[in-house]
Amino acid sequence: MYHQIMTERILDAINLVKNNNWKNYELLEFLKEKAELMLSWLKNITFANGNIPLFNDSCFEIAPQTNILLNYAKRLGLEQKTTPLGESGYRLIRKKRYEIAIDIANVKANYIPGHTHADTFTFELYVVTKPFIVDVGVSTYENNERRLYERSTKAHNTVEVNQENSSEVWGSFRLGERARVRELKESRDYIKALHDGYFKKFGLFHQREFIFKETCIVIRDKIL
């Protein structure tokens with residue numbers, strides 16, 4: 001959601017520079033390069049029906065949709081590039097009948113992680129372009145019980161151990177100890193990852209495997 005908001009502002013900046021007499025070509029090329037990367041990443045994380053995964057503090061009807069941004073970019077003459085989701089730690093696997101978005105990310109906003117949830121290894125599943133296994137999403141930024149629940153592990157499609165969060169969320173925008181992905185193996189139809197979010201409290205690791213087949217998905221969880 002925030003990526004969509006920032007992408008629109010970059011596109012607005014390109015529009016402004018292109019349509020004024022004081023053209024700054026160096027700035028314009030810089031903005032275009034960044035916008036093309038941002039648009040490509042956004043396209044790769046968007047479901048076929050236009051929805052984005054509700055990871056962390058994302059929700060619907062706040063930011064412009066991906067297709068609107070892509071059309072805006074086209075009118076500005078930007079190229080469509082292919083950028084893998086890569087180091088973001090998100091993956092979107094597409095098969096003929098389903099799409100699954102997976103969070104195998106470490107906390108990226110390391111110094112200001114206020115929008116982070118205790119959601120390591122969560123996923124959202126769409127079947128024939130319709131939501132099937134979904135995320136709770138967010139409904140408030142107020143410092144209350146609802147906010148704490150929406151950021152908690154049990155509000156996501158992952159494993160809670162001993163009624164504790166995998167990452168320490170508190171307040172409206174606070175994060176203490178956080179789960180870190182220690183191991184990650186990927187191939188075309190397979191992901192296996194392990195995080196240490198429960199190690200300090202219980203001496204345990206959570207390992208999750210995804211096996212992607214054409215008509216089904218196998219998910220295996222182990223507490224080690």
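Predicted model: local features only at pLDDT ≥ 70, side-chain atom pairs only at ≥ 80, totals over all residues.
1. Let's start with helix α3, which covers residues 66-75. Thr66, Leu69, Leu70, Tyr72 and Ala73 are its buried residues. Look down the axis of α3 and those buried residues fall within an arc of 160°, so they line one face of the helix.

2. What do the buried residues of α3 pack against? Their partners are α1 (2-18) and α2 (25-44). While you are at this end of the chain, have a look just after α3: Gly77 takes a positive phi of about 85° there.

3. Next, the largest nonpolar core, which has 26 residues. Leu11, Ile14, Leu39 and Leu78 are the ones that touch the most other members. The elements giving two or more residues to this core are α1, α2, α3 and β1, and α2 gives the most, with 7 residues. Apart from this core lies another one, of 13 residues, including Tyr98, Ile102, Val181 and Ile191.

4. Setting aside neighbours within four places in sequence, Leu11 is in contact with Ala35, Leu39, Leu69, Tyr72, Ala73, Leu76 and Leu78.

5. Thr7 sits in helix α1. Is Thr7 buried or exposed? Its relative accessibility is 0%, so Thr7 counts as buried. Beyond the neighbours within four places in sequence, Thr7 is in contact with Met38, Leu39 and Leu69. The side chain of Thr7 also reaches the backbone oxygen of His3, at 2.7 Å. For a sense of scale, Thr7 and Asn51 are 44 residues apart in sequence, and their C-alpha atoms are 16 Å apart in space.

6. Asp103 belongs to strand β2 (residues 98-103). Asp103 is buried yet has no salt bridge; Arg91, the nearest side chain of opposite charge, is 8.7 Å away, and a salt bridge needs the atoms within 4 Å. Not counting residues up to four places away in sequence, Asp103 touches Phe55, Gly89, Tyr90, Asp119, Thr120, Phe121 and Thr122.

7. The other one is Lys95, in the loop between β1 (90-94) and β2. With 16% relative accessibility, Lys95 counts as buried, because the cut-off for that label is under 20%. Which side chain does Lys95 join through a polar contact? The partner is Asp189, at 2.6 Å. Leaving out neighbours within four places in sequence, Lys95 is in contact with Asp189, Phe212, Lys213 and Glu214.

8. Last stop: Leu148, in helix α4 (residues 145-151). Its relative accessibility is 28%, so Leu148 counts as partly exposed. Apart from neighbours within four places in sequence, Leu148 is in contact with Val169, Trp170 and Gly171. Arg91, which came up with Asp103, makes a handy distance check here: Leu148 and Arg91 are 57 residues apart in sequence and 26 Å apart in space, C-alpha to C-alpha.

Note on methods:
Residues numbered from 1 in each chain as written. Heavy atoms only, no water. Buried < 20%, exposed > 50% of the residue type's maximum accessible area, 1.4 Å probe, protein only. Helix = DSSP H or I, 4+ residues; strand = E, 2+ residues; numbered from the N terminus. Arc of directions from axis to C-beta. Contact = heavy atoms within 4.5 Å. Lys, Arg positive; Asp, Glu negative; His and termini not counted. Polar contact = N/O pair within 3.5 Å; in protein donor to acceptor, adjacent residues only side chain to side chain. Core = buried A, V, L, I, M, F, W, Y, C linked by side-chain atoms within 4.5 Å.
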